[in-house]
Amino acid sequence: MQESLLDVAVSPALGALSSSVRRVPLTRGAWVDLRPGWLAGSGTVFGALVETVPWRAEKRHMYDRVVDVPRLLCFYGEDVPLPHPLLTAALGALNAHYGAELGEPFRTAGLCLYRDGRDSVAWHGDTIGRGSREDTMVAILSLGAPRALTLRSRGGGDRVRYEVGHGDLLVMGGSCQRTWEHAVPKTAQAVGPRISVQFRPRGVR
């Protein structure tokens, strides 16, 4: 699995957040922040994560059968060292930028590896724990080939779609986990692999 040659050729570095984040208000108190290309030269980080993260395949019960989860996963809990110094730096930068608004730090990182267009995640909100009853934030750093991340209002109606990859940052905040759902749909198009790094506060999954 390889990133684009352009991203590999550039030394990885995080950009600014303070003046470059664009907030998109959604409905019912939800919002999305966007910062394209936050991690420049993300190809180097992508390649290192593919090789060094202990990726695992999971199975889940669905109705009356057990099915493969269509992506590879790895979770880093509180106080567990992250697998790359740029992710540690990203966590620190996110806490510096969002800490006052969030009222607490991001503490965990969940990584997903979407190997091709057959890998996906179904419609859901991060409502295991406090996200089901409190406003919170989930910050997603996307590495690798762009994939669609779609959001829809619970109960139908509004829907938005973003193509994220190559070091893009997307943050879901406010009531987003309770009042909206998000997904990475399957695609029949030829797409490269993507890693999603989801930074979350304590008690949000």
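## The nonpolar cores

The largest nonpolar core holds 34 residues, and Leu94, Phe106, Leu141, Ile195 and Phe199 have the most contacts inside it. A nonpolar core here is a set of buried Ala, Val, Leu, Ile, Met, Phe, Trp, Tyr and Cys residues joined through side-chain atoms within 4.5 Å. Two or more residues of this core come from each of α2 (42-52), β6, α3, β7, β9 (138-144), β12 and β14 (194-201), and α3 gives the largest share, with 7 residues. Helices (H or I, at least four residues) and strands (E, at least two) are DSSP runs, numbered from the N terminus.

Let's visit Leu94. Setting aside residues up to four places away in sequence, Leu94 touches Leu17, Trp38, Gly99, Phe106, Ala139, Leu169 and Phe199, where contact means heavy atoms within 4.5 Å. A second, separate core of 15 residues includes Val32, Ile140, Leu151 and Cys176. In soluble globular proteins, nonpolar side chains tend to be buried together.

## About the model

This is a predicted model, in which local features need pLDDT of at least 70 and side-chain atom pairs count only at pLDDT 80 or more, while totals for chains, interfaces and linings use all residues. Residues are numbered from 1 along each chain as its sequence is written, and side-chain values use heavy atoms, with hydrogens and water left out.

Is Cys112 buried or exposed? Cys112 counts as buried because its relative accessibility is 9%; buried means under 20% relative accessible area, exposed over 50%, and partly exposed in between (1.4 Å probe, protein chains only). Cys112 sits in strand β7 (residues 106-114). Beyond its neighbours within four places in sequence, Cys112 is in contact with Trp55, Arg71, Leu72, Leu73, Arg194, Ile195, Ser196 and Gln198.

Strands pair if DSSP finds at least two bridges between them.

Strand β10 (residues 147-153) and β11 run antiparallel and are joined by 6 bridges. Arg152 stands opposite Arg159 in β11.

## Two positive phi values

Asp79 is not a glycine, yet its phi is positive, about 65°. Asp79 lies in the loop between β6 (65-76) and α3 (85-102) and counts as exposed, at 77% relative accessibility.

His166 also has a positive phi, near 50°. This histidine is in the loop between β11 and β12 (168-174), and at 29% relative accessibility His166 counts as partly exposed.
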